[in-house]
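Hi everyone, thanks for coming. Please bring up the structure on your screens, and we'll walk through a few spots together.

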Amino acid sequence: MVAQQKKPHTLGEKLIKPSILKAVEIKLDELALDIKNQLIHKLKHSVFFAIQCDESTDVANCCQLLVYCRFINEQSITEELLFSQALNSTSKGRNVLSAIDIFFDQNGLSWKNVVGVCTDGAPAMLGSRSGFVSLAKNKNPSIIGSYCVIHRQALAAKTLPSELKNVLEVCIKVVNTIKNSALNSRLFKILCSELSAEHSVLLFHTEIRWLSKGNMFERLNELKSEVEIMLLQLRKDNLRENFTDENFTFYFAYLVDIFETINNLNLKLQGRNTNIITTKDSINSFLEKIQLWKRQVNKETPNFSTFCRLNELIFDEEESICLVGMKNIVIEHHECLTDEFMRYVPDFSNESWKYTLTSCPFSANVDTLPDTFQEQAIELKNDSRPKIDFNSGSSLKEFWVKYQPIYTEISNEVLQVLVQFSSTYLCESGFSSLTIIKTKHRNRLDVEFDLRCSLSNIEPELKKIVQRKVLIRNSLSQDHLDSFMLMSAESDI
């Protein structure tokens, strides 16, 4: 319970433990071991599984490796923390492989059952020779290595035309001018309070945070009038002139709108239980929207209705002299986005039959499937029971797991797609928990057991743990009694 709430262990020792002294004492490592044993048991009963892994440096400069797994469990597909481990030396591909290899050997797992590995884009993970994915493929050549789609999306959205990049730089300077000084921050907060602003704090732009740029733009737009007054009070004339320039105002409004849409896409790619199908659908939808926006803007009378803040400015502006320049900038940015997404996001066209079969099994063209699956696909299409279940709203993973025993070959092929991770979101989320558990005041803590109890969805079997401990205690008590009786008998003699 203490570990799940990410609280110091002393809380349990000082407050909770005294109230349950009469109960059987259960240590955190025993709970973590029970959770791990349950997970290993489930993994061994899954035909195959996929993993995602990432490493990060904690507050004590210790390199922490997190590995998550996704596998078939009962009637669905489950995600769990496989293990966490500190890498004592370097964090190269061979170190990551060695850590996972040792865990597999100790727990009776095999690389033959691994169908997919998802990592971030670091050279240590994706290097063509000594990267972790390449080394893993030496263990099992059929492993499919993938690069986190959220990282890809963030990289694709970074490219901006020079005019928009200048606007971004001005916005960063404005925010830093106010937030870098504690005094300026306090004065700005007072100003916002006097003007009854909804917010009183600007947001920093942090390159490594996925939503940072869009959030910064949105907050700066909400406090735009307050920021202008603050720059005037600070006598930052040049910066204020750039911030209030007419062209800057139009470009800034467009950036607020477009990055709001990009952030919405990013949020769709995040979360648990996302897979290649859902991420592919989200990105294809976004790319198609870009083409729609480009056609709307490219009309003889540009249509900016999609970008509500920009459209409001243009509607209020009597002169239309800025529309031509604005139109060209927006189209150029849309073309940049399209090119970058096509560059960073993988093309699934070569294996499109897998994704069509997975998401639309009853409308898939049988002739496009490999020969080994065609007959079973025909049987599936003409079976009324799966049709009823599929149309009743059951999820893809539940549907295919349910019919795996009946249509084994085709289901296994589909489930190998659904079981793969599309991002390292779980690892990133785990690192957020790590920063809460391991702080500068607890920087010598071994977080393995805490992370297991905090991040796992598996409930420890407390009843079995207690029964086992009672049996051990009774056995020890009987041994002590036998020893005492023997010593008494010897003394009588």
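Let's begin with a question: does Asp 101 count as buried or exposed? Keep in mind that this is a predicted model. Well, Asp 101 has a relative accessibility of 15%, and the cut-off for buried is under 20%, so Asp 101 counts as buried.

And Asp 101 has a partner. Asp 101 makes a salt bridge with Lys 139, and their closest N and O atoms are 2.7 Å apart. Lys 139 comes out at 39% relative accessibility, so Lys 139 counts as partly exposed.

In general, side chains of opposite charge can pair when their charged atoms come close. In this model the count comes to 13 salt bridges. Here's another one: Glu 228 with Lys 224, at 3.1 Å between the closest N and O atoms. Both of these residues belong to helix 10, four residues apart, which is about one turn of the helix. Glu 228 is partly exposed at 22%, while Lys 224 is buried at 15%. Then there's Arg 385, whose side chain meets that of Asp 383 in a salt bridge, 3.2 Å from N to O. Asp 383 is buried, with a relative accessible area of 12%. And Arg 70, Glu 79 and Arg 272 are linked up in a network of salt bridges.

Okay, on to helices. How do helix 6 and helix 15 pack? Their axes are 9 Å apart, at an angle of about 150°. That makes helix 6 roughly antiparallel to helix 15. The contact between them has five nonpolar, one polar and two charged residues. On the helix 6 side you'll find Arg 152, Gln 153, Leu 155 and Ala 156, and they meet Leu 337, Glu 340, Phe 341 and Tyr 344 of helix 15.

While we're on helix 15, look at His 333, which lies in that helix. His 333 has 0% relative accessibility, so His 333 counts as buried.

Last stop: Ile 72, in strand 2. Ile 72 is buried too, at 9% relative accessibility. Among the residues Ile 72 touches are Phe 48, Val 401 and Leu 415. Leu 43 is 29 residues away along the chain, yet the C-alpha atoms of Ile 72 and Leu 43 are separated by 7.9 Å.

Note on methods
Residues are numbered from 1 along each chain as its sequence is written. This is a predicted model: local features need pLDDT of at least 70, side-chain atom pairs count only at pLDDT 80 or more; totals for chains, interfaces and linings use all residues. Side-chain values use heavy atoms; hydrogens and water are left out. Helices (H or I, at least four residues) and strands (E, at least two) are DSSP runs, numbered from the N terminus. Buried means under 20% relative accessible area, exposed over 50%, partly exposed in between (1.4 Å probe, protein chains only). Contact means heavy atoms within 4.5 Å. Axes are lines fitted to C-alpha atoms, for helices over the stretch in contact, and angles run from 0 to 180 degrees between N-to-C directions. Angles under 35 degrees count as roughly parallel, over 145 as roughly antiparallel, 65 to 115 as roughly perpendicular and the rest as oblique. Ala, Val, Leu, Ile, Met, Phe, Trp, Tyr, Cys and Pro count as nonpolar, Asp, Glu, Lys and Arg as charged, and the others, Gly among them, as polar. A salt bridge is a side-chain nitrogen of Lys or Arg within 4 Å of a carboxyl oxygen of Asp or Glu. Lists of a residue's contacts leave out its neighbours within four places in sequence.
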